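Please keep the sequence and the structure in view while reading the points below.

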Amino acid sequence: RAHRQPAQRRHSHPPRNPLRVKLPESAPEPTCEVWLVEDNEPYRTAALRVVSGIEGVHAARGFKTCEAALTAIREHTRPDIVFLDVGLPGMSGIEGIPQLKASAPGVQIVVLTVFDDAAKVFRAICAGADGYLLKGSSFDGVRDALREVRRGGAPMNGRIAKMVLQA
């Protein structure tokens, strides 16, 4: 007759830790601060609402101009990611890219604009943009771009990526 193991009891509580060893905790999801520099207030408000609801975003701030964003960097905290329009009052988004990068080292900048002409795309990339999205994209595109840039990618609409590859 074979020896049978006793049935193990099921417990609803976690297993005991009799040696009182500190068990590793899972690392929390890193958070990031996201800024949107956009002069169109209804669009800025809607985009900020979407970005604020993304897991891992601990602060989302909006600015009407590059100058206002640069002032905020000097006076407050620095963003991790900036979505930046090209056609802004005062300093253009393309002019603002190198200044934002210099003021907030490590910031990732994704251009978010209606302009899809090759000259603006290449000027933005040469200025240091980390991605280029067209506003015709749904806010799902903004959400996806945020996730992609956090993983080290360079988000671009298909039309913009094709333009870059054909250059």
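Among the contacts in the chain between residues at least 6 apart in sequence, 66% join residues that are at least 24 apart. The model is a predicted one, and its chain averages a pLDDT of 83, with 81% of the residues scoring at least 70.

**Overall make-up**

- The secondary structure of the chain comes to 6 helices and 5 strands, and these elements, read along the sequence, follow the pattern β-α-β-α-β-α-β-α-β-α-α.
- The chain has 167 residues, and 37% of them count as buried.

**Confidence along the chain**

- Among the elements of the chain, helix α3, which spans residues 93–103, has the highest mean pLDDT, at 97, while the lowest, at 80, belongs to helix α6, which covers residues 158–166.

**Helices α1 and α5**

- Helix α1 is made up of residues 41–52 and helix α5 of residues 139–150, and the axes of these two helices come within 10 Å and cross at roughly 50°.
- The crossing of α1 and α5 is right-handed.
- On the α1 side of the contact stand Y43, A46, A47, V50 and V51, and they meet F139, V142, R143 and L146 in α5.
- The residues of this contact between α1 and α5 divide into 8 nonpolar and 1 charged, with no polar residue among them.

- Is A154 buried, partly exposed or exposed? With a relative accessibility of 44%, A154 counts as partly exposed, because that value falls between the cut-off of 20% for buried and the cut-off of 50% for exposed.
- When residues up to four places away in sequence are not counted, A154 touches D130, G131 and E148.
- One of these residues, G131, is 23 residues from A154 along the chain, and the C-alpha atoms of A154 and G131 are separated by 4.8 Å.

Terms used:
Residues are numbered from 1 along each chain as its sequence is written. This is a predicted model: local features need pLDDT of at least 70, side-chain atom pairs count only at pLDDT 80 or more; totals for chains, interfaces and linings use all residues. Side-chain values use heavy atoms; hydrogens and water are left out. Axes are lines fitted to C-alpha atoms, for helices over the stretch in contact, and angles run from 0 to 180 degrees between N-to-C directions. Helices (H or I, at least four residues) and strands (E, at least two) are DSSP runs, numbered from the N terminus. A crossing is left-handed if the near helix is turned anticlockwise from the far one by less than a right angle, and right-handed if clockwise. Contact means heavy atoms within 4.5 Å. Ala, Val, Leu, Ile, Met, Phe, Trp, Tyr, Cys and Pro count as nonpolar, Asp, Glu, Lys and Arg as charged, and the others, Gly among them, as polar. pLDDT is the predictor's confidence in each residue, from 0 to 100. Buried means under 20% relative accessible area, exposed over 50%, partly exposed in between (1.4 Å probe, protein chains only).
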